[in-house]
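Hi,

Here is the structure I promised to pass on. Have a look at it first, and then read my notes below.

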Amino acid sequence: MGRGSRWGTLRDVDSPPGPNGMTSAGPNPVMPRLIIVMPAYNAARTLERTYADIPHELVHRIILVDDVSRDETVEIAKQLGLDVIIHSQNRGYGGNQKTCYDAALAAGADIVVMLHPDYQYDATCIPALIAPIADGSRDLMLGSRFLGDPLAGGMPRWKYISNRFLTGVENLAFGLHLSEYHTGLRAYSRHLLETVPYQLNSDDFVFDQELIAQVVAAGLAPRIGEVAVPTRYFEEASSVGFRRSVVYGLSTLRVVARYVLHRLRLRRSPKLAARRRSD
């Protein structure tokens, strides 16, 4: 994707939603092809609520990748008319996202939204999330809980403190001023996903932070933006426990260290080499 918009504005959308949440082929040739991907694991209790909030008039396709759930996630997804990909064995959160992005690119996506199906993130924010990508000013947009009041939304205080600490460290290393890096609502341009070698990243939760490091290393830091999303913590939503969060935090610090060593040319990393030069 080039630096200028090829698609016009989101207000150009006038096609009614069709089957499977896709918009019908209307007269507007400049509408970006928006594909939503959902990396899913045991999301049966929250999937329908997440799906109901999606602005279907903007969406061409919704792809759910199931990572060997032990509940009715797949059955519910099929009832909703989603395109479902089922892993034969659990590949982890990062491995799930790799399948998501491969499938979205193969389906011709111009913009890919990664949405957790656990209802923690408000899908009605998607139009605001993708607008800067659609108008050509951004390639990566993050839905930030910290542009609001995450504690009022139920975020545990220990998660609040750890998130603030890790975000501060990453901002210092990457030269950015983001309010949050650790969100489950993100939007990517096709250009970005074709530029960074995300397939080399971890199959675990730190995948997201490795991808941001790749974006910065590729010279796309000015193309990162964020919008506010409400914080929703509740019993049915998935949540990483304290011990797993400690592992994730240490892994994030290793990502930062790898990036700094790469930037200083002390230890070059294949993960941080762009697949091609950005336009």
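Which exposed residues does the face of H5 turned away from its buried side carry? They are Arg 157, Ile 161, Phe 165 and Leu 172. "Buried" here means under 20% relative accessible area and "exposed" over 50%, with partly exposed in between (1.4 Å probe, protein chains only).

Before going further, some housekeeping. This is a predicted model, in which local features need pLDDT of at least 70 and side-chain atom pairs count only at pLDDT 80 or more, while totals for chains, interfaces and linings use all residues. Residues are numbered from 1 along each chain as its sequence is written, and side-chain values use heavy atoms, with hydrogens and water left out.

On confidence: pLDDT is the predictor's confidence in each residue, from 0 to 100. The protein chain averages 89, and 86% of the residues score at least 70. Residues 8–27 are the stretch to watch, with pLDDT below 50 there, although in the model this stretch has 40 contacts beyond near neighbours in sequence. Contact means heavy atoms within 4.5 Å. Where pLDDT is low, the predicted coordinates should not be read in detail.

As for the overall picture, the protein chain has eight helices and seven strands. These are DSSP runs numbered from the N terminus (helices: H or I, at least four residues; strands: E, at least two). Of the 279 residues, 55% count as buried. Among contacts with a separation of 6 or more, 75% come from residues 24 or more positions apart.

Back to H5, which covers residues 157–174. Its 18 residues reach 25 Å from first C-alpha to last, close to the 26 Å expected at 1.5 Å a residue (the expected span is 1.5 Å times one less than the number of residues). The buried residues of H5 are Lys 159, Asn 163, Leu 166, Thr 167, Glu 170, Asn 171, Ala 173 and Phe 174. Seen down the helix axis, they fall within an arc of 160°, so they line one face of H5; the arc is that of the directions from the axis to the C-beta atoms. That buried set packs against helix H7 (207–217) and helix H8 (242–263). After H5 comes Gly 175, with a positive phi near 70°.

Next, the rings. A search of the whole structure finds eight aromatic pairs. Rings of Phe, Tyr and Trp (its six-membered ring) pair if their centres lie within 6.5 Å; planes under 30 degrees apart count as stacked, over 60 as edge-to-face and the rest as tilted. Tyr 101 and Tyr 188 make an edge-to-face pair, 5.3 Å centre to centre with 70° between the planes. This pair links distant parts of the chain, 87 residues apart: Tyr 101 is in helix H3 (residues 92–106) and Tyr 188 in strand S6 (residues 185–189). Both Tyr 101 and Tyr 188 are buried.

Tyr 101 also stacks with Phe 207, at 6.3 Å centre to centre and 25° between the planes. Because Tyr 101 lies in H3 and Phe 207 in H7, the pair ties together parts that are 106 residues apart in sequence. Phe 207 counts as buried, at 0% relative accessibility. Ring pairs link Tyr 101, Tyr 188, Tyr 198 and Phe 207 into a cluster.

H3 itself is mostly covered, with 13 of its 15 residues buried.

Cheers
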